[in-house]
Amino acid sequence: MRDDSSLSPYLALIMVFVPLSLVAIGGGPSIFAPIQKEAVDVHKWMSAREFIEIFAVARVAPGPGSMLGTLIGWKVAGWGGAIVATLALFIPSSILCLAVAKVWNRYRGREWHAALEMGLAPIGTGLMFAGAIAIFRMAEAGPLAWGLAIFVALMLTWRPRAHPFALLGIGALVFNLQLWLAHMGYLR
Amino acid sequence: MADPAPEELAPPPSLFKLGSVLFWIGVFSFGGGLSGWIHRQVVHRYRWMTNDDFLSGIALAQIVPGANVTNLCVYVGYRIRGAWGATMSLFALMSGPTILCVFVAILYHYVQDYPVLHACVDGVAAAAVGLNIRLGIIGTQRIQRMRRIAPMIAMVATFVSVGVMEWPLVPVVLIIAPLSVAAVWPRKGGGAAHA
């Protein structure tokens, strides 16, 4: 297809991630498939197995799922590659978003602005719920994960100021309790 | 709890304070509960933004290309402290995870066999999804207050299409968004549209 082997690895990373940054409509997961194609098939930066491993790491590490790009950069060119890939993936979309936010803000108070907001906000809310399902589906989560998520949501409804650290900590505790019970033979 | 009215908003924080709040959210954001957590901090805890402003930012963040959470972060930073606020927020949120995810990748080979760590990560991630569900509940309450049927239909249709049916997000949004906006578009000759 393309031969970028003559390019410096930094330039190759920029050329892969800048366009993807600008087409990631609906968020990071929408470009996971093209990222895989570029990294594995086109540039042969890693094997398919290595890609899946990186994907798993991006899920357990803090940050948005798009940290996948950071890890590809790291595989390709070390720390420099990690930073270049992160910037290439996040800066273009962020500049676009800032421009849209500025325009959006300028027309605040107009009737059509209110209508756009009223029409778009429910879609955002629907996507929020859909995202919860998608995350669990990807993680092959069981009833415990669902129960815990709903417990946290209710907890925050009841006590909006409850600290997230405490709630996340409860999550870790509950899952370890399950692990321990399973280990002791109380759970199958 | 009531939404903070505009006059109850706290004065805008320093860039450093804004950055430090987002930095810690970034560092501890496992499993994608970031939007819910940002909401909790900037709307509830510090009152830098109103609920409505934040929720419209969420819709915007999802429609503009790019990771939803970084877009949201840019929007939130911009609304609180202008373009510098947006820049600061983005770099603060991303700097921790960028460094940490490489460390996790380096350590992964050594720790992937310890089930306790997996249980911690899975548990934190599940709880973080709860933060997002809470944000969905807040959005739903706001739709109820609009007292119109069209936004509720748009919300449910989006959720069912993308979440339950697993249809691709972009075409779904491209179809539902114009319909949803058209249904609430102000009609000529005054009077609100009741779809």
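Which side chains meet in a salt bridge at 2.7 Å, N to O? Select Asp53(B) and Arg79(B): their side chains form that pair. A salt bridge here is a side-chain nitrogen of Lys or Arg within 4 Å of a carboxyl oxygen of Asp or Glu.

Before you go on, know that this is a predicted model: local features need pLDDT of at least 70, side-chain atom pairs count only at pLDDT 80 or more, and totals for chains, interfaces and linings use all residues. Residues are numbered from 1 along each chain as its sequence is written, chains are lettered from A and ligands numbered from 1 in the order in which they are written, and side-chain values use heavy atoms, with hydrogens and water left out.

**Stop 1: the first pair**

Colour helix H3 and helix H4 of chain B. Asp53(B) lies in helix H3 and Arg79(B) in helix H4, so the pair ties together parts that are 26 residues apart in sequence. Helices are DSSP runs (H or I, at least four residues), numbered from the N terminus. Asp53(B) is buried, at 7% relative accessibility. Arg79(B) is partly exposed, at 27%. Buried means under 20% relative accessible area, exposed over 50%, and partly exposed in between (1.4 Å probe, protein chains only).

**Stop 2: Arg142(B)**

Select Arg142(B), which is buried at a relative accessible area of 9%. One salt bridge joins its side chain to Asp52(B), at 2.9 Å, N to O. That pair links distant parts of the chain, helix H5 and helix H3 of chain B, 90 residues apart. Asp52(B) is partly exposed, at 35% relative accessibility.

Next, show Glu117(A). The side chains of Arg142(B) and Glu117(A) meet in a salt bridge at 3.6 Å, N to O. Glu117(A) is buried too, with a relative accessible area of 15%.

**Stop 3: the whole interface**

Key. Helix = DSSP H or I, 4+ residues; strand = E, 2+ residues; numbered from the N terminus.
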